[in-house]
Each structure stands twice: as structure tokens, then as C-alpha cells.
Amino acid sequence: MEAVYLPPEILLDIFHRLPTKSILACVCVSKYWRSLIKTPDFITTHFIQQSAISASNPKPLFLLRLCFGPNLENHYSLHQDDSKFTHHADIKPPPTINNQSFSIVGSCRGLVCLMHNLYTSNYTIALWNPSIGRTFTLPRPGVTFETHGGFEALLGFGFDSSTQDYKVVRIVRLLEYDEIEIEVEVFSLNAGSWRRITMVAPQYNIVERGSQAFVNGSVHWVATRGDGDGNGDENLIQALDLEGQGRFRELELPEGLRSESPMFLTVCGYKESTIAVFKRRYLGESESEIWVMEEYGNADSWVRLLTIGMYDGGLPRALGFRGNGEILFELAGGEIVSGDPESFEVAELGLWGEAGYSVVGSFTETLDLLDRTSGFS
């Protein structure tokens, strides 16, 4: 049978409609097909096309990490956002990041950012694409123990849509000073290097390894304005716009959270366009709270969505929001459940892990990292 020739524009139109797994098979067919697929333009267009398909799908995906076993082994899986949180697929990371030494910073557009937990002596930060099984290890940052002495560090991860570039933000508080001294550096995947932006960063106290949320093009953290001695300090949300040179902004917290210990506050995304804050003390308190900023940037729009009491022998830990507004919780025994904030009904999902280690985040399949040629495992 004579081979049928298809012009490149027809091939590309077909490829753009194929799921990620099928694209990986197409890459292996011929050098010509590989040359069409492994380009930044194709990967961007494919993501846009697949996102449009996902938007019409009533069952988007969540990435779930559970830890269990004597060595707290990581187990990653994808789940559909339906009534039963149906299992979609198991995912096995490469051995370089598949152990208890790594924690998840965040996920964005199908990439997952992880860091090594021994952060004062190991500066390993990696970007992992579960869809194609590729991991990129970032180069060593500029601010280290050897260059600046003792420090505490906080990471953020997001996407600069103006340059189609993934960025990792690293905020470092130097400990060998009487006053707060902050250094900030940003890693650009496109450039493959770190850039210092300390000159535009406010000198706010941070919580080492605190939570982060990427919303509306900005990375958000809980920070504390003051001298750090606890007298007159005030919590706020600190946001960094990832586009251009980067600009820091402040978002005020509701009054009830401003004087709370920042280590008990967790920020996360809410309905893709604004943020929420979870308040949960580990000892000495029988209730936790969930606050939502209904209108992004408007401090007067904060509302207390839910107050949570003791359940199953302890205070549930909120992990994130589902598309229908329900909240995924980790119970004291490590079980993952879904709670309705309006009816207060709790649905069991048949998922358990070691308490304190579970992580969940929205997930979209992507080919990003496929066209990169160095720094991979």
C-alpha cells in the first residue's frame, strides 16, 4: 500500500486534538513527526486546545499524594472530580524525587514543583511533569548557607503567561541579623537561571516552608508586617506578580486573622480566581476556620465560610476546594473525606494516608518540559 502524505498543517491540526499519551507515541513514529511536536509553539497550542476540551469536561482531574508504609513512601494518583473522586491513574515519579525527603511546593498547569526537606544543607528543587514522566532539576540558588549564613526559606511556583514561562520564587530570611533581612530570587525555566529581585521586596517576616497559592498570575504567601518580636505584628497576604520584572502587593486579612500566629494559617486558591485562608491550631484549640475572599483584592469581601469542630478524634485539616465547592479534608486518622460547607455532610472517599502528609491540587495534562534538552532525569 502506498504511503499517504499529509501536509504539516493537517498533521498539526490532528496532533493538537490528541491526548498527551497519544502524542508521546507519535513522537516515536518518525524524526519528522518529532520535529513537529517538540517545539514550544506546538506545546503551547496543544495545552490551549486540551484546556478547552477539559473545560467542557465535568470531571476535571486532581493530583493526590498520600504517604504510608514504614518509610512514609510517596504514592501519587490522579482522581476525577466527580461525586466519588474516582481513581483515574497511578503515577510513579522518578527515583530521584520519589522518597520522603521531598515535599510538594505546588502544582501549576500540569507541572509539580518539589523541594528537598533538608533545606539548609540540600538545595534540590525539581519540576516534574507526571504526564510525560520528565523531571527538571533547578540549578543551585544564589543565596545559600555558604554565602549568607543561617536562613529560613519559603518557595512559590507559578506561570508567567506573558512569556509562557514557569517560575520558582525563593524568599529567604537571613538569621544572622537583629532586624528582618529578606533576600528574594526568581528562577525562570526559559532562561534556566536565577535572578535576584531583593531590591523590590518588602522586608516582611515569613514562615519557613509555609503554604503558597498561585492565583491571577501571582504567587501568594502569608507574611507578617512588623519587627518579628510579636509586639504589634500584623499578618497579611504578600503577593508577587510573576509577569515582567515582578511587583509585590499586599492583601489585607480579616481582622480575626491579623494577630494569629502565622504558622497556623494556610493560603490556597479558591474557584480559580481568588484565595482562601485556613486557620488551624495544632494544640489548645477545639475549632478551626475557613475564610474566603469573595472578591479578589477587596479586603472587605472576606467571609468566614466554615467553622470546624472536632471530628474523628481531632481537628480536620483542609487540603483544598473541589469544583462543586466541597472541601477535601484530612482527618486525624489520615482518612481523606469530602465535606459540603452548606449541608455539613461528609462523604467518605475510601482514601487513607499518614496524617499530616497528604497533598491535593488541581491537574491538567501538559507536554511542557518535552522540548527541553538539559537538566533532566
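Me: How many salt bridges does the structure hold?
Reply: This is a predicted model, and the structure holds 14 salt bridges.

Me: Which residue forms a salt bridge with Glu 185?
Reply: Glu 185 pairs with Arg 170, with the closest N and O atoms 2.7 Å apart. The two come from distant parts of the chain, 15 residues apart, since Glu 185 lies in strand 10 (residues 181-188) and Arg 170 in strand 9 (residues 165-174).

Me: Is Glu 185 buried or exposed?
Reply: Glu 185 counts as buried because its relative accessible area is 2%, under the 20% cut-off, and Arg 170 is buried as well, at 0%.

Me: And what does Glu 183 pair with?
Reply: Glu 183 forms a salt bridge with Arg 196, the closest N and O atoms being 3.3 Å apart; Glu 183 is in strand 10 and Arg 196 in strand 11 (residues 193-196), 13 residues apart. Glu 183 is buried, with a relative accessible area of 16%, whereas Arg 196 is partly exposed at 37%.

Me: Where in the chain are Arg 317 and Glu 330?
Reply: Arg 317 is in strand 21 (residues 317-321) and Glu 330 in strand 22 (residues 327-330); they form a salt bridge with the closest N and O atoms 3.1 Å apart, and both residues are buried.

Me: Changing topic, how many helices and strands are there?
Reply: The protein has six helices and 25 strands, and 49% of its 377 residues count as buried.

Terms used:
Residues numbered from 1 in each chain as written. Predicted model: local features only at pLDDT ≥ 70, side-chain atom pairs only at ≥ 80, totals over all residues. Heavy atoms only, no water. Helix = DSSP H or I, 4+ residues; strand = E, 2+ residues; numbered from the N terminus. Buried < 20%, exposed > 50% of the residue type's maximum accessible area, 1.4 Å probe, protein only. Salt bridge = Lys/Arg side-chain N within 4 Å of Asp/Glu carboxyl O.
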